Amino acid sequence: MKKKIVSALLTATMVCGMCVVPTMGVAAADDTITVGFSQVGAESDWRTANTESMKSTFSEENGYNLIFDDAQQKQENQLTAIRNFIQQEVDYIVLAPVTETGWDTVLQEAKDAGIPVIIVDRMVDVSDDSLYTAWVGSNFKLEGQKAMAWLDAYLEAKGRGDEEINLVDIQGTIGASAQIGRTQGFDDAVEAHDNWTTLAQQSGEFTQAKGQEVMESILKQSGDDIDVVYCENDNEAFGAIDAIEAAGYEVGGEEGQILVMSFDTTNAGLTDTLSGKITLDTECNPLHGPRVQEIIEKLEAGEEVDKQAYVDEEMFAADDTVTSIKVDDADYEVTTITQDIIDGRAY
């Protein structure tokens, strides 16, 4: 692909929605690949790790000029950022979309400008799949299915398979791919069990503060009845645990305690898993930078790339009650968390 020289435009200040993002002040060299990256925001530890993976991958040392934009969880900011990237004639646009819908027009503008768009993390729902080149991320529905299959096996192993189980789902940002997939995994499992009941289902917006606020409200209504809290990311789990403990309840996997499940497997999330506060943490791998780089390198070489690329993900439990689960005839290992595992991870 032909490289573009980004000169005076990179010395300016790029304005995106409510945020002002200074761009790089040095002109890109002929052999430098310029990437514009629109990130959702910084709402969670997972997002921070995702941003760092992109920044460390698309560095000057690696031959890239990265123009980074933080959308502060607002789609309108991302639309503005993408149009700024197009105006600056970047070589590639990388988008981590706030929600799935509302992208057709701006992605058509990028296509018309001849700029490949690579979607990361959440998916986009567009009328024409050719509006983006490739997608890298997680199978969010499978994550939910795996977590709920583990819960089923765990309750059976504990002799609670026939008990009435009351569950709470603290959802992510409504309309985000992770929320849609993990909620579907939850809903399908509850529907498949006559003895499982959803007491409450509210969005915690993937943040600790909102997760705590939602949990506090639910506890006031149904505190004595809750058996399981299914948090759709680690930060929501941190807030939920704070609310549960402040209300005088215990978290853990034993009967009489509130079992907390989570997603992401951040360092802090796995630390809470080690202590038993989170009983299961299902991985959502944020390290997308190298996979996006691999796609760009193939495109630069004139090679075809896969339309979708799922990242590899694991499951970590507080104990070894369940060592493997099955979803759609596929087996998935469940790893008992240790401090050595935590110490050896990149995020």
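Predicted model: local features only at pLDDT ≥ 70, side-chain atom pairs only at ≥ 80, totals over all residues.
Residues are numbered from 1 along each chain as its sequence is written. Local features need pLDDT of at least 70, side-chain atom pairs count only at pLDDT 80 or more, totals for chains, interfaces and linings use all residues, and side-chain values use heavy atoms, leaving out hydrogens and water.

Colour the model by pLDDT (the predictor's confidence in each residue, from 0 to 100). The average is 91, and 91% of the residues score at least 70. Select residues 1-29, where pLDDT stays under 50.

Next, display the open sheet of seven strands, which has mixed pairing and the order 9-8-10-11-12-14-17. Strands (E, at least two residues) and helices (H or I, at least four) are DSSP runs numbered from the N terminus; two strands pair if DSSP finds at least two bridges between them. Strand 9 (196-203) and strand 17 (335-336) each have a single partner strand, so one side of each lacks a neighbour in the sheet.

Select strand 11 (residues 259-264) and strand 12 (residues 280-283), which pair in the parallel sense over four bridges. Asp264 has Glu283 as its bridge partner in strand 12.

Helix 1 (45-57) and helix 5 (177-192) each give two or more residues to the lining.

Definitions and conventions. Contact = heavy atoms within 4.5 Å.
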